[in-house]
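Q: Hi! Could you walk me through a structure I have open?
A: Happy to, let's take a look together.

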There are 2 protein chains.
Amino acid sequence: MDIRSQTPPLFPPPVFDDAFRAAFDELLIWRRDVRRFKRDPVAAGEIEVLLAAAHHAPSVGNSQPWRFVLVESPARRGLVRADFERCNAEALAGYAGERAQRYASLKLAGLDNAPVQLAIFADLETPQGHGLGRRTMPETMEYSAVGAVILLWLAARAAGIGVGWLSILDPVAIGHALETPDNWRLIAYLCIGYPADPSDVPELERAGWKERADWRDLLIKR
Amino acid sequence: MDIRSQTPPLFPPPVFDDAFRAAFDELLIWRRDVRRFKRDPVAAGEIEVLLAAAHHAPSVGNSQPWRFVLVESPARRGLVRADFERCNAEALAGYAGERAQRYASLKLAGLDNAPVQLAIFADLETPQGHGLGRRTMPETMEYSAVGAVILLWLAARAAGIGVGWLSILDPVAIGHALETPDNWRLIAYLCIGYPADPSDVPELERAGWKERADWRDLLIKR
């Protein structure tokens, strides 16, 4: 007789009911890349809640390689903004038309107004986890830090806080601007704050939906 | 007068209450890398629910680069398993001790028992999104597909379904085994099914917790 089957777990895992699952679906649907922020500060303690959520991300070999940099100094924010403008000018050179311009101007508005700027890096040389599982796909270190970004984003949305992800940046230049260690790689630069204009959310969402592929078209069987 | 401020949104965004936020925290805490699966099939329709959740991930320039491959044929599963064994033998050569052996044997058990095997790729050349936002950090294409993995994982946990992520694989070899297009890059190979032994969940969780860093030690301000 296996005694383990008779012993109840000390902490029984929770069961997530249909109401939770429905609300969770709503969370995924309404998570979005926020571009226009109020300047109001984020409520006390909320950023800590978001970072704690991010810290629950899965990581390869339990390496927990995410590193968080809150960018507060106006001088450093200015360096980031200048890098964005430089990279964006180069990016726009490859495009004609209004769409790319609009994309960039929205992102810039985030940098100018969001009260919180958070850079998330991956420490590619952390000894944590002893290197387990990352020999053939070392990029899973970066992927682990992406998981932290996603959990932070969902937790923010659940708190009514918006997140916008900037990728039009030179990751090496941002590392220099923030004086981070050489073995840290920039994963995401996030603007965080309360969305400026709740009434325009559905417009953005519906615009996004129109372009959304059907996931069934992205599935093959082998 | 700005008429927009007087017009209520057509679809008001949902408010997530404290009960939801508490349950969401539980979801993050209890999401875990499952290694031991029951052989029972996943309930009808659930995999589709998980894929639909994954499809809500954020993506750079709305590129939606994730591609899903359900690996069903025993022959192809055999190729994946053989690749895992080969890569794992090489990985273990770099380690002494029981820990790495145990890590690998647990993962192998997942491949042998989980009823569903799902590979998630990123299509690095999708025209969707017109290349917006991915010039300076093209790796955001892969990162977008990682987001799909994470959302699928959380949705699975909410449904009582376990997910295990294998990274001890040669991504190019897996692409060949699954005959995927050359421009698809393997992001994650997932085992999916019901966890075998709910009573051992807390043990694994607590073991993980012991090694967990404090997120406050991973935060700097600049």
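Q: Which way do the residues of strand 3 of chain A point?
A: Gly162(A), Gly164(A) and Leu166(A) point one way and Val163(A) and Trp165(A) the other way, and all are buried. Buried here means that 20 or more other C-beta atoms, placed from the backbone, lie within 10 Å of the residue's own. Strands are DSSP runs of E with at least two residues, helices are runs of H or I with at least four, and both are numbered from the N terminus.

Q: Before I go on, what sort of model is this, and how is it numbered?
A: It is a predicted model, where local features need pLDDT of at least 70 and side-chain atom pairs count only at pLDDT 80 or more, while totals for chains, interfaces and linings use all residues. Residues are numbered from 1 along each chain as its sequence is written, and chains are lettered from A and ligands numbered from 1 in the order in which they are written.

Q: Thanks! What does strand 3 of chain A pair with?
A: Strand 4 (residues 184-193) of chain A, running antiparallel, through 5 bridges. Pairing requires at least two DSSP bridges between the strands. Gly162(A) has Gly193(A) as its bridge partner.

Q: And what is the strand order in the whole sheet?
A: The order is 3(A)-4(A)-2(A)-1(A)-5(B), an open sheet of 5 strands with mixed pairing. Its edge strands are strand 3 (162-166) of chain A and strand 5 (219-221) of chain B, each pairing on one side only.

Q: Which strand of chain B does strand 5 of chain A pair with?
A: Strand 5 (residues 219-221) of chain A pairs with strand 1 (residues 66-70) of chain B, in the parallel sense over 3 bridges. There, Leu219(A) stands opposite Phe68(B).

Q: How many residues are in the contact between the chains?
A: 77 residues from chain A and 77 residues from chain B, counting residues whose C-beta atoms, placed from the backbone, lie within 7 Å. On the chain A side, the largest share is 9 residues from helix 1 (residues 18-30).

Q: Switching to helices: how do helix 3 and helix 6 of chain B pack?
A: Helix 3 (residues 74-93) and helix 6 (residues 171-178) of chain B pack at about 165°, with their axes 9 Å apart. The axes are lines fitted to C-alpha atoms over the stretch in contact, and angles run from 0 to 180 degrees between N-to-C directions. The two helices of chain B are therefore roughly antiparallel, a term for angles over 145 degrees.

Q: Who makes that contact?
A: Helix 3 of chain B gives Arg76(B), Leu79(B), Val80(B) and Asp83(B), and helix 6 of chain B gives Ala173(B), Ile174(B), Ala177(B) and Leu178(B).

Definitions and conventions:
Two residues are in contact if their C-beta atoms, placed from the backbone, lie within 7 Å. Angles under 35 degrees count as roughly parallel, over 145 as roughly antiparallel, 65 to 115 as roughly perpendicular and the rest as oblique. A residue is buried if 20 or more other C-beta atoms lie within 10 Å of its own, exposed if 12 or fewer, and partly exposed in between; C-beta atoms are placed from the backbone.
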